[in-house]
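Subject: Structure handover

Hello,

Here is the structure I promised to pass on to you. Please open it alongside this email, and my notes on what was found follow below.

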Amino acid sequence: MSYIKNIVIVGGGTSGWMTAAMLARLFKSTLNITLIESKEIGTIGVGEATIPPLQIFNSVLGINESDFIKATQATFKLGIQFENWGKQGDCYMHAFGNVGKDLGFTPFHHYWLSTSPTETNSFWHYSLNFQAAKKQKFQVIGQLPNAPLAGLTHAYHFDAALYAQLLRSYSERQKC
Ligand SMILES: Cc1cc2nc3c(=O)[nH]c(=O)nc-3n(C[C@H](O)[C@H](O)[C@H](O)COP(=O)(O)OP(=O)(O)OC[C@H]3O[C@@H](n4cnc5c(N)ncnc54)[C@H](O)[C@@H]3O)c2cc1C
């Protein structure tokens with residue numbers, strides 16, 4: 001049986017270096033990983049908006065959050081707000097994280113739907129992320145103290161080119 005031994009990744013943007021970093025982290029002893037990047041063909045330099053699973057990605061790599069924030073000029077993000085959503089003047093925020101508290105096997109939204117939602121009883125009323133974002137508050141808090149409720153769930157905005165650079169240094173350090 002033949003196994004894959006050599007991987008070539010073409011492109012040194014965030015996709016390329018994220019792939020290289022994770023493969024190097026998990027398979028550096030069994031794979032030869034080569035990344036080809038070009039000085040002539042530019043990277044699209046954008047501010048990357050992410051969702052919370054990026055935290056898992058960084059933690060599998062063992063990248064410390066403070067180091068990541070400094071290196072990529074990241075800011076914290078609690079949700080995504082859509083202006084003029086549905087109609088002009090409307091505003092909808094999709095906040096990250098848990099909403100309310102599940103009741104046994106019943107997810108919270110089923111319970112909420114059975115309670116005749118009103119303005120003051122909106123779904124987002126039960127989202128800590130939504131409430132904190134609206135008040136522009138933030139703290140890294142995984143669990144609310146003395147309550148069976150999750151804390152805040154965050155993601156980041158950061159400079160994609162700086163993230164690629166961080167992952168390039170990380171990947172190069174993984175060489176056996
Ligand atoms: C305005 C804008 C906003 C965006 N906002 C977001 C966002 O908020 N969140 C999000 O997830 N995504 C966003 N995107 C998409 C974003 O571009 C990608 O998520 C990500 O940055 C792309 O990474 P990439 O590695 O695929 O591409 P790039 O970062 O462009 O990297 C491609 C790399 O391939 C190299 N390359 C190309 N051809 C060759 C070749 N023949 N040989 C060698 N190297 C080659 C280039 O040099 C470059 O380094 C946005 C895009 C734009 C344009």
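Strand S2 gives the largest share of the lining of the largest pocket, with 4 residues. Do keep in mind as you look around that this is a predicted model. In total, 14 residues line that pocket, and the space inside comes to about 280 Å³. The elements that each give two or more residues to the lining are helix H1 (14-27), strand S2 (32-36) and helix H6 (160-173). Sorted by class, the lining has 7 nonpolar, 4 polar and 3 charged residues.

Next, the ligand. Which residues come nearest to the ligand? There are 16 residues around the ligand, and Ser 15, Ile 41, Thr 43, Glu 48 and Ala 49 come nearest. Three of these are worth a click for their polar atoms:

- Ser 15 has a polar side-chain atom 2.7 Å from an oxygen atom of the ligand.
- Ile 41 uses its backbone instead: an N or O atom there lies 2.4 Å from an oxygen atom of the ligand.
- Glu 48 has a side-chain N or O atom 2.6 Å from a nitrogen atom of the ligand.

On its own the ligand exposes 970 Å², and the protein buries 56% of that area. H1 and strand S3 (47-49) are the elements that give two or more residues to the shell around the ligand. By class, this shell has 5 nonpolar, 10 polar and 1 charged residues.

Last, the aromatic rings. The count comes to 16 aromatic pairs. One of them joins Phe 68 and Tyr 156 in an edge-to-face arrangement, with 4.7 Å from centre to centre and 65° between the planes. Phe 68 lies in helix H3 (residues 65-72) and Tyr 156 in strand S7 (residues 155-159), so this pair ties together parts that are 88 residues apart in sequence.

Terms used. Residues numbered from 1 in each chain as written. Predicted model: local features only at pLDDT ≥ 70, side-chain atom pairs only at ≥ 80, totals over all residues. Heavy atoms only, no water. 1 Å grid on protein atoms, 1.4 Å probe; cavity = no way out; pocket = protein on both sides within 12 Å on 5 of 7 lines; lining within 4 Å. Points joined across faces, edges and corners; volume = space filled by probe spheres on them. Nonpolar A, V, L, I, M, F, W, Y, C, P; charged D, E, K, R; others polar. Near = heavy atom within 4 Å. Polar contact = N/O pair within 3.5 Å; in protein donor to acceptor, adjacent residues only side chain to side chain. Areas by Shrake-Rupley, 256 points an atom, 1.4 Å probe, with all protein chains shown as cover. Phe/Tyr/Trp six-rings, centres within 6.5 Å; stacked < 30°, edge-to-face > 60°.
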